[in-house]
Amino acid sequence: MKRLFIYAAVAIVTFTTVSCDKNFEMIEDSGMYAGIPSPVESITTDSLPGQIVLHWNVPADSSYYLLKVNYFDFLTEKEVYKVASIYEDSLLIDGTRAKFGEYEFTFQTFNRNKEASEATTVKAKSGITPATETITTTEIALTADQLSTNNQEPSEGPIANLIDGDNGSFFHTRWSSPQIPMPQYIQIDLNEPIDDFQFSFVNRAWSQVGAEIVEIQVSNDGETWETVQTISAGLPSSGGADYTSQVFRLDHTFTHFRYNVLQTYGSKNYFNMAEFSLYDVTIDIYDPEL
């Protein structure tokens with residue numbers, strides 16, 4: 001029902017920080033290189049959502065044992081580093097944020113004797129990390145006195161059957177004489193206002209006559225109605241079929257809901273239905289850039 005914005009700087013990715021000695025031990029001993037190693041060349045960067053990619057050229061002589069890249073992780077508030085062998089020419093830095101501005105990366109190569117090249121520093125910005133949504137739906141407990149229609153069939157199919165939990169029972173608008181033309185509706189009067197919502201229903205199992213075109217409408221006084229959407233495709237026509245709508249997002253609350261049928265399959269002047277449910281929807285938004 002409510003959009004909740006979660007403001008938190010939570011580290012999604014934990015970077016592994018280990019000692020230089022351990023990193024030297026982890027790299028395969030592919031040769032012993034004497035003298036000061038060559039630095040990497042032509043360093044470039046790419047900005048991706050929540051990531052920075054570092055690229056470089058390995059020097060032709062490849063006279064280093066490993067490359068170490070230092071940078072400050074704003075999320076953990078720690079100085080960290082990653083290592084790359086002479087066989088690598090790129091490095092993905094994950095868990096970055098555009099809100100922190102420029103990250104500074106220091107590149108330095110080492111030979112097997114841990115002698116270092118001159119350090120090279122580059123700056124790069126992260127792409128914007130997208131917000132994520134968590135959608136929670138809660139079925140609204142309805143009572144028969146909250147339901148109404150403009151065309152109840154007097155001989156069968158009372159509207160209370162829509163919420164009895166029995167797919168074998170059904171609601172039916174008037175099929176007996178005198179019939180009235182469409183539109184015909186199911187109305188729900190809510191005890192509390194909602195904004196974001198969803199609905200579902202189950203078709204009658206037999207002698208099914210369902211809506212082909214329907215207006216989804218809301219109101220705050222039961223007299224003036226706003227059409228949220230007209231659904232003209234995708235409603236099921238077969239007996240016993242079920243349907244769950246999209247989540248409807250409104251910028252205001254309402255207290256009355258209508259499923260207003262404009263046209264039925266077969267263009268009948270009545271429709272029926274086994275079950276109907278309305279859901280209150282809560283959308284939690286987590287924006288890592290806030």
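User: How many helices and strands are there in the protein?
Analyst: This is a predicted model. Of the 290 residues of the protein, 45% count as buried. The secondary structure consists of one helix and 19 strands.

User: Among contacts between residues at least 6 apart in sequence, what percentage joins residues at least 24 apart?
Analyst: The protein exposes about 14,400 Å², of which carbon and sulfur atoms supply 49%. For contacts between residues at least 6 apart in sequence, the share joining residues at least 24 apart is 73%.

User: Which side chain of opposite charge is nearest to Arg97, and how far away is it?
Analyst: Arg97 is located in the loop between β6 (90–94) and β7 (102–110). The Arg97 side chain makes a polar contact with the side chain of Thr129 at 3.4 Å. Arg97 is buried yet has no salt bridge, because a salt bridge requires the charged atoms to lie within 4 Å. The nearest side chain of opposite charge is Glu289, 5.1 Å away.

User: Where does Pro183 lie, given that a cis peptide bond joins Met182 and Pro183?
Analyst: Omega of the bond joining Met182 and Pro183 is about 10 degrees. The peptide bond from Ser177 to Pro178 is also cis, and Pro178 lies in the loop between β11 (171–172) and β12 (184–194). Pro183 is found in the loop between β11 and β12.

User: Is Ser267 buried or exposed, and what is its relative accessible area?
Analyst: Ser267, in the loop between β17 (254–264) and β18 (272–273), has a positive phi near 55 degrees. Exposed means over 50% relative accessible area. Ser267 therefore counts as exposed, with a relative accessible area of 55%.

Note on methods:
Residues are numbered from 1 along each chain as its sequence is written. This is a predicted model: local features need pLDDT of at least 70, side-chain atom pairs count only at pLDDT 80 or more; totals for chains, interfaces and linings use all residues. Side-chain values use heavy atoms; hydrogens and water are left out. Helices (H or I, at least four residues) and strands (E, at least two) are DSSP runs, numbered from the N terminus. Buried means under 20% relative accessible area, exposed over 50%, partly exposed in between (1.4 Å probe, protein chains only). Lys and Arg count as positive and Asp and Glu as negative; His and the chain ends are not counted. A polar contact is a pair of N or O atoms within 3.5 Å; within protein, one must be able to donate a hydrogen and the other to accept it, and residues adjacent in sequence count only if both atoms are side-chain atoms. Contact means heavy atoms within 4.5 Å. Accessible areas come from the Shrake-Rupley method with a 1.4 Å probe; for residues, only the protein chains shown count as cover.
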